[in-house]
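Here is a short briefing for a first look at this structure. Take a moment with the sequence and the model before reading on.

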Amino acid sequence: MTGISIIATGSQPAAQVVTNDHLAKLVDTSDQWIATRTGIRQRRFAGPEEDTTSLAIGAARAAVEQLEKAGRGREEIGAVLVATFSPGSLVPSTACLVQRELGLPEDLFALDINAACTGFLSGLRLCQGLLAQQPERLALLVGAEAISRLVDFGDRGTCILFGDGAGAAVVAAGPDRPFFCAFGTRGDGEVLRCPGVRPGGGPGPVTMEGREVFRFAVDAIPKGIAAVLAQSGSSLWDIDWFVCHQANARILAHAAKAMGVPEERFFMDLDRYGNTSAASIPIALDEMAKKGLLKKGQRLMLAGFGGGLTWGAAELIW
Ligand code: ACO
């Protein structure tokens, strides 16, 4: 299969910083409860002028600016994919609005995708397929969410987890950059739900059986990673960074321990962003790139899990 490489990244944090103490004024909770159970210290909520579309555009613009600084052009982009379960607009799709705002070519493939928190990884798999057909073009992949608009602030076990934001990556075909991935779906409609358009109501709220999600996640991460390693022939020790969906520090610690991998090789920024679903992995990649943590040639293992129940993992070379 065609290799792929991420050649530029960008992110757009939502405007409002909401600390645990701030949330404790709205919800019967405390900084101590949230921090010890989840590792989250603060998250960001979309401001009055923001929604998933504006966040997606901000992240995409940052990635495209970086692409152009590296001497490539936005006219090379042949696909825009936006992973989200909280779109600001159903029609037009967020991807079409990104195309317009960034002045991208009209002869491109534009599509929103929903695989909940696994969405960015599913998007990478689609980029691989699209770039196999058009290796001379680039794909712009965005993960964007405004989940604060879909939570019930009366449900303290759920609303404290989520945050808003967007991350983006420009993906190129990479003959010398093998890409291996594995995905799965359990088809569960109870454990994690967010109702859509329905009689007498708009979308939301997100509901979750926290302990079941926890159990699912700590199983899904090692399972996904093992399936990818079986394809690539790499070992856990060949992987420089594990960049997982940022849901909960305890989930990631549990997965690291189960695989016998030092926790330090699991990047975490959920203390500052909370769980931003499809946006969490591209925000993490952009943050790591900006901090100089990612070096050319390093091997990354990405892993996601979420509503569906879906899971996925992918190994790529930076
Ligand atoms: N503040 C204070 N107390 C709380 C809060 C809160 N925010 N939420 C729940 N509690 C209370 C409960 O009412 C309960 O009290 P009781 O014992 O008096 O009845 C007690 O804390 C324990 O509740 P549990 O729900 O059993 O708490 P648990 O230890 O399971 O932690 C949590 C809850 C943090 C949600 C945990 O289950 C978890 O992390 N689950 C995974 C959730 C997750 O990451 N979801 C997203 C992944 S998928 C995706 O990204 C879409």
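Predicted model: local features only at pLDDT ≥ 70, side-chain atom pairs only at ≥ 80, totals over all residues.

Residues are numbered from 1 along each chain as its sequence is written, and side-chain values use heavy atoms, leaving out hydrogens and water.

**The sheet**
- Five strands make an open, mixed sheet in the order E1-E7-E6-E4-E5.
- Strands E1 (4-13) and E5 (109-113) are the edges; each has a single partner strand, so one side of each lacks a neighbour in the sheet.
- On average, neighbouring strands are turned by 15° against each other, direction ignored.
- Strands (E, at least two residues) and helices (H or I, at least four) are DSSP runs, numbered from the N terminus.
- Two strands pair if DSSP finds at least two bridges between them.
- E1 and E7 (residues 164-173) run antiparallel, joined by nine bridges.
- Ser5 has Ala172 in E7 as its bridge partner.

**Gly224**
- Gly224 sits in helix H7 (residues 210-232).
- Gly224 counts as buried because its relative accessibility is 1%; buried means under 20% relative accessible area, with a 1.4 Å probe and protein chains only.
- Beyond residues up to four places away in sequence, Gly224 touches Ala182, Trp311 and Ala313; contact means heavy atoms within 4.5 Å.
- Gly224 and Ala182 are 42 residues apart along the chain, yet their C-alpha atoms are separated by 6.2 Å.

**Ser277**
- Ser277 lies in the loop between helix H9 (270-273) and helix H10 (280-290).
- Ser277 is buried, at 1% relative accessible area.
- Leaving aside neighbours within four places in sequence, the contacts of Ser277 include Phe85, Glu145 and His245.

Conventions: Buried < 20%, exposed > 50% of the residue type's maximum accessible area, 1.4 Å probe, protein only. Axes fitted to C-alpha atoms, helices over the stretch in contact; angles between N-to-C directions.
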